[in-house]
Amino acid sequence: MINFSYTRAGSVAEAVGAKSKANGAGRFIAGGTNLVDLLKENVERPRQVIDITRLPLATIEEGPNGGLRLGALATNADTAYHPEVQRRYPALSRAILAGASAQLRNMATNGGNLLQRTRCYYFYDVAMACNKRRPGSGCPAISGQNRVCGVLGTSDQCIATHPSDMCIALAALEAVVRVSGPQGERTIPFAEFHTLPGDTPQIENTLAPDEIITAIDLPESPYAEHSVYTKVRDRASYAFALVSVAALLELDGDMVKSARIALGGVAHKPWRSPEVEALLTGKTATKENFLPVAAALFHDARGYEHNAFKIELGKRAVVRALQLATKGTASIRDVNGQTADA
Amino acid sequence: MNAFSESDTAGGSTMTALPGKSPVKLTINGESTTVEVAPWTTLLDLLREYLDLTGTKKGCDHGQCGSCTVLVDGKRVNSCLTLAIMKDGSEITTIEGLTGKDGALHPMQQAFVDCDAFQCGYCTPGQICSAVGMIKEGHAHSDDEIREGMSGNLCRCGAYPHILNAIKQAYAATEKRTAA
């Protein structure tokens, strides 16, 4: 870990000002669960760390138009166990609880969850090339150990995935990210927050360097009764997703009024395809109708040496998640999306 | 802005003054302590290297094993991923602080002894602090919930079944005490 100076921001304006002044060499710190790890690995080498934990951004409160506003500094644990999140946005609660460990969820904040970095082995190993860490140095993952890497939206520069579970549910719920910067406040629709690697894998989102996330707005949701987060991983708990699916259905009897499907573990950002979701509109909620949707979601997928299995696994996870969502939120027993009768 | 230490970033200079140490006031196991630490000192290193509270263990040092688990303001966290300077004003409870002033073991400690819930013992302080935190969180109602809630604490000896038994015993004792 390199030596850095430490400042504690007393207001959002102070935090933004300090980040601006640090000229790219400053990092905000809140939960620290990802940043401190990256500091220890020398992946992050800031001159200044700006502590934002004393800012008044930890509340969860009613938002505009029947929605809920999640403070950027509310912890993942406080968010997942919040009665209104559990009641109105059960897939979000499940997704958060499917991620990390209880200790980490007690520390990690909502804003930080959005900004966590990939767990691609090569990004983490400073002895290796990585276009994300050192632009232009190459991507050893493409022909290397790529089991954990992506199969959708990859580029010849980077095949890393976004590691978050929470963000997959937020993408499905079409959350809105509220940010503050020197020019004031603005909002970013979730689909436009994270970016694909393209030729600039070092850029992971559309947040400006001197902007800070202040809250995440959840719009009113008609999906609470049929919301699922299914996660497939190498061990039963405390592992990153190989593939995960947030599936939300609005049903009229057994007919689908609308559907939302977001995929995790497969791309540089939470993966959605609204035009594919629309294929389900007006159809009955059956496996026969789910299968072509799953196939369409992975139509453009490209597997690499050690992760091609994610394509078939992903399709099956989508069908399973949609079947579980049809059955209903209440039928799901645990954080892996298993049902009581499974 | 409360600047604890200044680095020379003016004019894009590559010369950076070594940030100094700053005082951090903590209440550790009920006792108020002020320690001078560098910004990059973790809570784990502060406990072990500055205060000689070596009950809290350094396993992976990356938040993956849970052996560094302590309670900060009543909540279980990984002390290896916590910068000490950020916890100024907090209350910390470590494994040393669970024991009563008269030396009596905490019910969770006693349950680990009763149930033989360890072999080498290295992960045990973290397991016990984590279990105490979990019961406080109120999500320890079934074997599955306990296993899931304790998944952030690895035991490479594989004492998991006995750890589960110990937590259930301590949980039952806690419930009984609360009901009484």
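The model is predicted, with local features requiring pLDDT of at least 70 and side-chain atom pairs counted only at pLDDT 80 or more, whereas totals for chains, interfaces and linings use all residues. Residues are numbered from 1 along each chain as its sequence is written, chains are lettered from A and ligands numbered from 1 in the order in which they are written, and side-chain values use heavy atoms, with hydrogens and water left out.

Three salt bridges are found across the interface, a salt bridge being a side-chain nitrogen of Lys or Arg within 4 Å of a carboxyl oxygen of Asp or Glu. A salt bridge also joins the side chains of A:Arg8 and B:Asp88, with an N to O distance of 3.9 Å.

The second largest pocket holds about 1200 Å³ of space. On a 1 Å grid over the protein atoms alone, a pocket is an open set of points with protein on both sides within 12 Å along at least five of seven lines, a cavity is a set of points where a 1.4 Å probe fits but cannot get out, and lining residues have an atom within 4 Å of a point. Grid points are joined across faces, edges and corners, and a volume is the space filled by probe spheres set on the points. The lining of this pocket comprises 46 residues, with B:Asp144, B:Glu145, B:Arg147, B:Glu148 and B:Gly149 nearest the centre. Elements of both chains give two or more residues to the lining: α3 (76-80), α5 (90-97) and α6 (102-107) of chain A, and β5 (75-78), α4 (124-137), α5 (143-149) and α6 (160-179) of chain B. Helices (H or I, at least four residues) and strands (E, at least two) are DSSP runs, numbered from the N terminus. The largest share, six residues, is given by α5(B). By class, 17 lining residues are nonpolar, 14 polar and 15 charged (Ala, Val, Leu, Ile, Met, Phe, Trp, Tyr, Cys and Pro count as nonpolar, Asp, Glu, Lys and Arg as charged, and the others, Gly among them, as polar).

Three cavities of 30 Å³ or more are present, and the largest cavity contains about 80 Å³ of space. Among its 14 lining residues, A:Cys120, A:Cys130, A:Lys132, A:Cys139 and A:Cys158 are closest to the centre. This lining consists of nine nonpolar residues, four polar and one charged.

A:Lys19, in helix α1 (residues 12-22) of chain A, is buried at 16% relative accessibility (buried: under 20% relative accessible area; exposed: over 50%; partly exposed: in between; 1.4 Å probe, protein chains only). Beyond four places in sequence, the contacts of A:Lys19 include A:Phe28, A:Ile50 and A:Asp210. A:Glu211, in the loop between β7 (184-189) and β8 (212-218) of chain A, is likewise buried, at 9%. Its contacts beyond four places include A:Phe28, A:Val179 and A:Arg186.

A:Asn42 is partly exposed at 26%, and A:Glu174 is partly exposed at 36%.

Methods. Contact means heavy atoms within 4.5 Å.
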